[in-house]
Amino acid sequence: MLKVDPNRYEEDYQALMRARLTIRQQLGSEWPQDDFTAEQSRQTLIDDLRAFENGENYTLHIVDKDGAIIGCLYLTPSFTERTVEGYYWLIPDKQQAGLTERLAADVSQWLTGYWPVEQVKFRFNHPPTAQ
């Protein structure tokens, strides 16, 4: 994973639009819309980088072994609890490869093992089940 980079907006945009149906389903929204543009993607990445540098939220590009963007990870820390809310999306062919479960487990292990975090909640990726 790499800190979000607005200079890679075209590559990010291509991956985002490939994953848009999954993203819409997970978030229960219409974002990104079919007419979302590469320029809008660039501006989103600029805003994400600003939030990252201000310590508000953390957006990371998920890259494959060759460095190609295959998704994004968004982390929002709680400032009152030792928890982090996370959300990620991957391009469709990586979703089918079983990477999603491994990604959630690896991110949770990394954050709870190396940061002052007790719990990572992937609310949109893993909806709560009825008890």
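Predicted model: local features only at pLDDT ≥ 70, side-chain atom pairs only at ≥ 80, totals over all residues.

Colleague: In what sense do β3 and β4 pair?

Modeller: Antiparallel, over seven bridges, with β3 covering residues 69-77 and β4 covering residues 83-90. If you want a spot to look at, find T76, which has E85 of β4 opposite.

Colleague: Which residues are buried in helix α2?

Modeller: In α2, which spans residues 20-27, the buried ones are T22, I23 and R24. Their cover includes α1, β4 and α4 (92-95).

Colleague: And what follows α2?

Modeller: G28 does, with a positive phi near 65°.

Colleague: Changing topic: where is H61?

Modeller: H61 sits in strand β2.

Colleague: Is H61 buried or exposed?

Modeller: Buried: H61 has a relative accessible area of 0%, and the cut-off for buried is under 20%.

Colleague: With which side chain does the H61 side chain make a polar contact?

Modeller: With the side chain of D12, at 3.2 Å. Setting aside neighbours within four places in sequence, H61 is also in contact with other residues, including M1, L2, K3, V4 and D5. R8, L45, I69, G71 and C72 are among the contacts of H61 too.

Colleague: Good, now charges. How many salt bridges does the count come to?

Modeller: The count comes to eight salt bridges. One of them joins the side chains of E11 and R8, at 2.7 Å from N to O. E11 is partly exposed, at 28% relative accessibility.

Colleague: Which residue's side chain meets D34 in a salt bridge?

Modeller: R24, at 2.8 Å from N to O. This pair links distant parts of the chain, ten residues apart: D34 is in the loop between α2 and α3 (38-53), and R24 is in helix α2.

Colleague: Why does D34 count as exposed, and why does R24 count as buried?

Modeller: D34 counts as exposed because its relative accessible area is 54%, and the exposed class begins over 50%. R24 counts as buried because its value is 13%, which is under 20%.

Colleague: What about K65 and D66, how do their side chains meet?

Modeller: They meet in a salt bridge, at 3.9 Å from N to O. K65 is exposed, with a relative accessible area of 80%, and D66 is exposed as well, at 63%.

Colleague: Last one: which residues do salt bridges with shared partners join into one network?

Modeller: R20, R24 and D34 are joined into one network that way.

Colleague: Great, thanks for the tour!

Conventions. Residues numbered from 1 in each chain as written. Heavy atoms only, no water. Pairing = 2+ DSSP bridges. Helix = DSSP H or I, 4+ residues; strand = E, 2+ residues; numbered from the N terminus. Buried < 20%, exposed > 50% of the residue type's maximum accessible area, 1.4 Å probe, protein only. Contact = heavy atoms within 4.5 Å. Polar contact = N/O pair within 3.5 Å; in protein donor to acceptor, adjacent residues only side chain to side chain. Salt bridge = Lys/Arg side-chain N within 4 Å of Asp/Glu carboxyl O.
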